[in-house]
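The structure comes first and the notes follow.

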Amino acid sequence: MQQWIAEVAYETRNGPKKVEESFFLPTEEDVRNEVSNKGGYILSIRPHERSSIERLLARSTWWQIQLLRGIMFRSSSVSSPGVALWKIIEQEENAMRQNILAPAREALARGLGVIDALRAMNIFDYGTLAILAGSEKANKLNEGIPHAIHSITQKKKNSRAIMGTMGWLGFDVVTIVQSLFWGKDMVLGWFNDNKPTDPAKLAEYESVVGNLGLTWDILIWFAFAVGAFMVWCVFSFFMNRGQTDWPTARIVRKIPLIGSYLRDLGFSDSMMAASRMLKGSVPIDEALEQAGQSTTSPEVAEYWDKANEDLSRGIGLGSALDREPLNRNERMELASLADLSQVATILESIAEMRTQSAATKHKLIVWLAFALTGVFLVIAFGSAIFALSVMNMSMDSMMGGLLEGAL
């Protein structure tokens, strides 16, 4: 199936009328047949490619929330969420949004479920899909959609907090770097033009000026490198939203504090999804398999896969779940498992603990960013103050030379 944009001419009472229409059909010939059946004449046909604006709209939280709310409201008056999504797709007239919804339409046309259709659009993160999938498995998708919307909103708030903090810190660093970058040649040039006349101080003076220039060069290039890396990460994460894994994500996960923060978020989402499915009487093996597919963190996915593998070999559920990378407190809760009815409650408790841990790490990341920025500013200002001392050395030498000449 393909999205096509066709210019079509129709005969009207006022003469020929040219319009642009969007079609979701397998081939160009199918588009021609469809237009012919409607009494139109094809002028041109082209496959529709998702523009930058479409990609921004598809990955925006506003679009995701509006789509989920539409499914929730419509599914209360129709037979199923899948039918609700189909009606949303059928009634959409905007070509841009039609193209975003096209993969979901194809999935529904092939007889797949609403979760498969939502996953096919590649606009939701794995945590949101996990909540929706868990609710759908328990036949309570309408109850799960508000939780998914809350998750999207909370993640948006966290992202805004991080971006706001990083933006402010970046502004401070850029301001200092700009001062160093534009002032370096002027200051060092003045130093080179006004060297001390005293041979005893000249060697020390040139050494200090050389070290100052090297320090400023290191600060400037380090700031440029960090800024470029941050921009690359933000762009890469945004453009690869919905992907399981890619090089930038692997690099970011290797950063100690950020890697553990992402792992906590992965456990929080997957544990909550598994708990919701078990409360809805979804079979345990299916719940564990779905939980493993609900995260982009390889460690979290491997945890669920190994637990499901042990369960299939006849090992008890508590023992299968009691493994690394869960911490000591979480494993103690699983070790106290005495009844299968307690599993959902324990998993929900672990999800809440991971959420709190992620919030704590988020604060640490912010404060660490402030601290590192402070260190950068101290070095920058310290070197500037040191430059003033060098300037005084040169001024003293110049004044001494002038006084000797006058005498």
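**Helix packing and selected residues**

Helix H11 passes helix H12 in a right-handed crossing. The model is predicted. The protein has 16 helices and three strands, and 40% of its 407 residues count as buried. Among contacts with a separation of 6 or more, 61% join residues 24 or more positions apart.

**H11 with H12**

- The axes of H11 and H12 come within 9 Å and cross at roughly 155°.
- An angle over 145 degrees counts as roughly antiparallel, so H11 is roughly antiparallel to H12.
- On the H11 side the contact is made by Ser270, Ala274, Met277 and Leu278; on the H12 side it is made by Ile284, Ala287, Gln290 and Ala291.
- Sorted by class, the residues in the contact of H11 with H12 are six nonpolar, two polar and no charged.

**H12 with H13**

- Helix H12 covers residues 284-292 and helix H13 covers residues 298-312.
- These two helices pack at an angle of about 160°, and their axes are 8 Å apart.
- Because of that angle, H12 is roughly antiparallel to H13.
- The crossing of H12 and H13 is left-handed.
- H12 contributes Ile284, Asp285, Leu288, Glu289, Ala291 and Gly292 to the contact, while H13 contributes Ala301, Trp304, Ala307, Asn308 and Leu311.
- The contact of H12 with H13 divides into seven nonpolar, two polar and two charged residues.

**H11 with H13**

- H11 spans residues 256-279, and its axis comes within 8 Å of the axis of H13.
- The two axes cross at roughly 35°, and the crossing of H11 and H13 is right-handed.
- From H11, the contact is made by Arg263, Gly266, Phe267, Ser270, Met271 and Ala274.
- From H13, the contact is made by Glu299, Val300, Tyr303 and Trp304.
- By class, the contact of H11 with H13 holds six nonpolar, two polar and two charged residues.
- Trp304 of H13 is listed in the contact with H11 and also in the contact with H12.
- Ser270 and Ala274 of H11 are listed in the contact with H13 and also in the contact with H12.

**Aromatic pairs**

- The count of aromatic pairs comes to four.
- One of them is formed by Tyr303 and Trp304, with 5.2 Å centre to centre and 80° between the planes; this pair is edge-to-face.
- Tyr303 and Trp304 are both buried.
- Phe267, Tyr303 and Trp304 are linked into a cluster by ring pairs.
- Phe267 is among the H11 residues in the contact with H13, and Tyr303 and Trp304 are among those of H13.

**Asp310 in H13**

- Asp310 lies in helix H13.
- Asp310 has a relative accessibility of 12%, so it counts as buried.
- Apart from neighbours within four places in sequence, Asp310 is in contact with Ile315, Ala320 and Arg323.

**Phe229 in H9**

- Phe229 lies in helix H9, residues 199-239.
- The relative accessible area of Phe229 is 32%, so this residue is partly exposed.
- Leaving aside neighbours within four places in sequence, Phe229 is in contact with Ile251 and Ile255.
- Phe229 and Thr248 are 19 residues apart along the chain, and their C-alpha atoms are separated by 9.8 Å.

**Val174 in H8**

- Val174 belongs to helix H8, which runs over residues 141-193.
- Val174 is exposed because its relative accessible area is 52%, and the cut-off for exposed is over 50%.
- From Val174 to Phe224 the C-alpha to C-alpha distance is 8.9 Å, at a sequence separation of 50 residues.

**Pro26 in a loop**

- Pro26 sits in the loop between strand S2 (15-25) and helix H1 (28-37).
- With a relative accessibility of 42%, Pro26 counts as partly exposed.
- Pro26 and Trp4 are 22 residues apart in sequence, and their C-alpha atoms are 9.2 Å apart in space.

How values were computed
Residues numbered from 1 in each chain as written. Predicted model: local features only at pLDDT ≥ 70, side-chain atom pairs only at ≥ 80, totals over all residues. Heavy atoms only, no water. Axes fitted to C-alpha atoms, helices over the stretch in contact; angles between N-to-C directions. Helix = DSSP H or I, 4+ residues; strand = E, 2+ residues; numbered from the N terminus. Parallel < 35°, antiparallel > 145°, perpendicular 65-115°, else oblique. Left-handed = near helix turned anticlockwise from the far one by under 90°. Contact = heavy atoms within 4.5 Å. Nonpolar A, V, L, I, M, F, W, Y, C, P; charged D, E, K, R; others polar. Buried < 20%, exposed > 50% of the residue type's maximum accessible area, 1.4 Å probe, protein only. Phe/Tyr/Trp six-rings, centres within 6.5 Å; stacked < 30°, edge-to-face > 60°.
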